[in-house]
Amino acid sequence: MAPGSDQPLPPPSPEPAAAVGQRTHPASALVRVWLWVAAGLFAFGRDLVEGGESRSLLSMLWIGLAIVGAAALLGVAFGYLSWRFTRYFIDGREIRIERGILTRSSRRAPYERIQAVDIAEPFAARIFRLCELRIELAGGDDSRVALQYLRQSEADRLRHLLLQRAYEAGSQAVRDAVPASVAGAGATDALGRAAAPSLGGADDGTAASTEAPITVPHLDLSPPILVVPPLRLVVATVVSAEFLAPALFLTALVVGGVVFPGVIVFGVVPLLLWAGQVIMSRVVAQWSFTLRRAPTGLHVTRGLLSRIAQTIPYDRVQAVVVRQAALWRPLHLERAEVTVAGGSNDSDESGSATLLPVATPDEVRMVLGELFTDVDHVRIPRVRAPRRSAVFAPVGWRFRSAGSDAHAFVTESGWIMHRTDVVPHAKTQSVVIKQGPLQRLRGVADIVVHTPDGPVAAHGYSLDAADVRALATAQLTLARQAREERGES
Amino acid sequence: MDPLFAPPADTWHPVSPKLRTMHRLLTVVWTLVIAGVVMAIVALTLQWWWLVGLVGAAAVAVAVWGWMWSARNQAAWGYAENAEDLWIRHGVAWRQIVAVPYGRVQYVDVTAGPLERSYGIAKVSLHTASSSTSAAIPGVPAGEATRLRDRLTELGKTRGSGI
């Protein structure tokens, strides 16, 4: 899907008359038909269950064919109408998408608000070799506009065009990040990227545009900084508890069924579904997970059936959690998730996004460095939980620690599921010290640094009380300094 | 005082003693009402007078404990307005300090139920972008609560930042 990034950009072509608008690809009408067919099958299935016994096999077959056929016809008709009534307009200020058969709706995406333009390929659209253009906008509730569906080449062309227009319109987000993308092919370090927004990004932007004509802001997809090999994905999933649990249960059930033939093998279906769900979400959805630097964030493409493209915006990432299950430890593999504030992006649940499905510790460090300038969670000095806290976690206390350096706060905990939570100081929302009566007897306490809701929970368990107090006080100071540095307070 | 829960500056700002009075009233009244109902039911149906006595004794014990708990709980609440952040401490057995930088306060609530209003106290709650931040001070005198809200809102605005 990468458009040849070394091809020179075509000069901005004059748009067709804006008043008429353009249509999406005609085959868009067919993409959603499967939904109707599925609904038809469902209706037929219910009919069968409710009163199908009285009919003959042949008549049932005919009824089924008729229902599904009618549903498909309806779907095609509806799809055609909605395609017919969908048009998009590109003019000097915005891209506008109008759709709706009875109720017309018009969605606008002004160029200066464009944050990212992604190309996604849902499975149904992939069958027709079509893809969807998603435009992320800054601010507001309606922060995504989608154009369904376009031919790949057309989507690429539009993506280029929109990013360029966004640049020309001075979309701050795109402009700030341009130097990094101009320097482009992996040469920029995290400093170069992150320095731009904080220190007069506009200057850098103009510098970039004087070096070369206006078409050059190279907003193309840069070469990937990380690709997760499918083999690693498969191996890591196979040795994960999420997969092993249903697999072991299944084996036990099957063995039990063979040894005692009388036993009804009841649990097989839900267990199969469970295992299947794990495979879908961990392997199929993350297939050829690719991470790239994009103007406004890290650009993720993944998926075997549906190709998903999403951007994790640098400025909205609040914190990261790196997880390592006990079974992954010998393989030196980790998983990373991020908390994204106010995210309307493709997150599994609100506020959370997978940063890395499976990666080596070095890769995790590298990607964290991309997200947050100067943050290296491995190097942050930590205080470990004291031995006397072992009553609270006989094994786990060895894995508990917390600490901070000039850039971030980090906590570690968990024995079977080890987690490292990293919060850059500027993202600290509040700091909590906690102590229960037993902890008081042992002279230990908890420290928690709150971040917006998401997978990250920076909780340091049962550390030495004096350390906790020192960490908390230091954290408030460091957080304030970090906010001041960013010119926020 | 435990250095872990020492105030950030010189001292913790206490909450109103009326919070203690209110908690005492609530625990005593509720214990007596519930115990009264239970005792009446036992007396009328089973007529096990020893059980009535036992329930009565338990109720008195709970009321006495509530009486003392109210005092300790009230004494455990405290807040301190630092230069850059607000600290709140509470809890007797399970102690906790919450520190919220002013710049992180998104909005401030002042709530007062009918009973609280009659005592002239209110609860001030701070909200940040993290819903796990549970920073609330109960039993703040009404005037002080308004002042605190205005000050926090003002500080939140001047020091405020995006997420």
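Student: What is the order of the strands in the open sheet that holds both β18(A) and β4(B)?

Tutor: Seven strands run β20(A)-β19(A)-β18(A)-β4(B)-β3(B)-β2(B)-β1(B), with antiparallel pairing. A strand here is a DSSP run of E with at least two residues, a helix is a run of H or I with at least four, and both are numbered from the N terminus. This is a predicted model, where local features need pLDDT of at least 70 and side-chain atom pairs count only at pLDDT 80 or more, while totals for chains, interfaces and linings use all residues. Residues are numbered from 1 along each chain as its sequence is written, chains are lettered from A and ligands numbered from 1 in the order written, and side-chain values use heavy atoms, leaving out hydrogens and water.

Student: Why are β20(A) and β1(B) said to stand at the edges?

Tutor: β20 (458-464) of chain A and β1 (13-14) of chain B have a single partner strand each, so one side of each is left without a neighbour in the sheet.

Student: What makes β18(A) and β4(B) a pair?

Tutor: Two strands pair if DSSP finds at least two bridges between them. Five bridges join β18(A) to β4 (residues 95-101) of chain B, so they count as paired under that rule. They run antiparallel. Among the bridge partners, A:K434 goes with B:Q96 and A:V432 with B:V98.

Student: Which helices pack on this sheet?

Tutor: α14(A) lies across β18, β19 and β20 of chain A as well as β3 (85-90) and β4 of chain B, at about 15° to β19(A). Helix α4 (residues 142-159) of chain B touches β1, β2 (78-81) and β3 of chain B, and makes about 40° with β2(B). Such angles run from 0 to 180 degrees between N-to-C directions, with axes fitted to C-alpha atoms, for helices over the stretch in contact.

Student: How many residues of the two chains are in contact?

Tutor: 30 residues of chain A are in contact with 33 of chain B, where contact means heavy atoms within 4.5 Å. The chains bury about 2500 Å² between them, 52% of it on carbon and sulfur atoms. That is the accessible area (1.4 Å probe) lost on putting the two parts together, summed over both. A:Q429, A:R469 and A:L476 lose the most area in chain A, together 26% of what that side buries.

Student: Which element gives the largest share of chain A's side?

Tutor: α14(A), with seven residues.

Student: What is the pairing in the open sheet that starts with β13 in chain A?

Tutor: Antiparallel, in the order β13-β12-β11-β17-β16-β15-β14. β13 (352-359) and β14 (383-384) each have a single partner strand, so one side of each has no neighbour in the sheet. β15 (residues 401-404) and β16 (residues 408-413) of chain A share four bridges, and A:G403 stands opposite A:V410. α14(A) lies across β14, β15 and β16 of chain A, at about 35° to β15(A).
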